[in-house]
Amino acid sequence: MTTIAMRVKELLFVACAIVPIMAASQSEKFISSDHNISSSLINNIFQNNNGIVWISTEDGLNICDGAKIVTMRNDTANPYSLKSNYTRFVHESSDNTLFISTINGMQWFDRACGRLMQIQATSDGKPYTSNINVSCMIEIGPDKFIAGSSGHGLFVLEHNDGAYTLRQMRSVIPSLYIENLLKDSYGNIWIGTLDNGIFRTDSCFNINWTHQFDVAESMFAVCECQDSNIYIGTSQGRLFCYRYADNRMTHIGTVPSSIVELKPDGDKLLIGTDGAGIRQININTQKEEQCANSTYKCNFFIAVKIENF
């Protein structure tokens with residue numbers, strides 16, 4: 001069973017595979033797959049600007065306003081329903097446009113007509129006939145986005161004539177399997193792949209730094225902390241820190257399972273794992289500390305701060 005622990009202020013959402021082993025305080029409440037969450041297999045948790053929490057799962061998209069949970073699913077009779085029940089993530093742009101990614105393609109919510117609209121993917125000006133599985137997405141400028149996919153590389157998300165399209169980008173990096181995207185405070189773009197390491201490009205997508213991991217090791221998570229350093233977690237449980245000051249990446253620790261999530265929290269770095277619960281690093285000392293949420297014993301962890309819930 002997956003449990004999500006929600007704190008009233010600056011809530012920390014925890015998606016895990018085992019119920020917490022200690023009782024919650026009165027400032028917490030627990031929502032699980034026994035309480036209207038459509039699936040215990042959670043891929044992403046996101047809160048939009050209106051305070052609504054979107055929980056992407058392998059069996060539907062759950063929408064939570066703090067009082068109730070509504071689940072969106074594919075309806076074969078409705079062309080404006082979810083493309084697939086297997087949802088990857090929800091993203092909201094700076095102009096409050098909502099994007100939803102499923103394994104059968106991306107959609108956006110047209111507020112004018114209240115419908116989910118399909119986003120067509122193209123390559124060399126021709127529409128894709130197969131579905132594009134978009135794994136990640138970032139906004140790099142006003143109404144300018146890039147998206148990474150599992151099997152089709154990078155795309156630019158373009159907005160023209162009231163519709164969105166995904167245009168494939170050619171020969172940016174030597175990989176079609178994009179797992180993570182990050183735009184850092186220096187304006188550089190970090191691109192993590194499942195098969196060929198990590199790349200950093202400038203705003204014009206010229207590669208200016210790269211790192212190859214060991215054989216069978218992939219980059220699973222990346223973030224920038226308040227020290228402006230870049231932290232990278234891998235499928236082998238290794239945590240790295242890239243320092244702009246000396247332009248090199250250092251291995252700073254290893255956890256006993258894959259690192260699937262990294263979340264900055266002031267001078268702390270929360271590490272979500274697939275099998276070893278939640279860990280915590282002090283970014284000043286770069287040493288592991290006792291985590292305040294260590295009472296939550298779990299096999300899989302996804303975290304995001306939730307405001308004013």
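Predicted model: local features only at pLDDT ≥ 70, side-chain atom pairs only at ≥ 80, totals over all residues.

Visitor: Okay. So is E92 buried or exposed?

Guide: E92 is buried, because its relative accessible area is 10% and the cut-off for buried is under 20%.

Visitor: And what does the E92 side chain meet in a salt bridge?

Guide: That would be R111, with an N to O distance of 3.9 Å. The two come from distant parts of the chain, 19 residues apart: E92 is in strand 9, while R111 is in the loop between strand 11 (105-110) and strand 12 (115-118). R111 is partly exposed, at 45% relative accessible area.

Visitor: How many salt bridges does the structure hold?

Guide: Twelve. One of them pairs R73 with D59, and their closest N and O atoms are 3.4 Å apart.

Visitor: Where are R73 and D59 in the chain?

Guide: Both are in loops. R73 is in the one between strand 8 (69-72) and strand 9 (87-92), and D59 is in the one between strand 6 (53-57) and strand 7 (60-64). The pair links distant parts of the chain, 14 residues apart.

Visitor: Why does R73 count as partly exposed? And what about D59?

Guide: R73 counts as partly exposed because its relative accessibility is 38%. D59 comes out as partly exposed as well, at 29%.

Visitor: Which residue does D124 form a salt bridge with?

Guide: R170, with the closest N and O atoms 3.1 Å apart. D124 is exposed, with a relative accessible area of 62%.

Visitor: Which residues do salt bridges with shared partners join into one network?

Guide: D214, E217 and R238.

Visitor: Switching topic: where does I278 lie?

Guide: I278 is in strand 29, which covers residues 278-282. I278 counts as buried, since its relative accessibility is 8%.

Visitor: How far is its C-alpha from that of I259?

Guide: The C-alpha atoms of I278 and I259 are separated by 9.7 Å, and the two residues are 19 apart along the chain.

Note on methods
Residues numbered from 1 in each chain as written. Heavy atoms only, no water. Salt bridge = Lys/Arg side-chain N within 4 Å of Asp/Glu carboxyl O. Helix = DSSP H or I, 4+ residues; strand = E, 2+ residues; numbered from the N terminus. Buried < 20%, exposed > 50% of the residue type's maximum accessible area, 1.4 Å probe, protein only.
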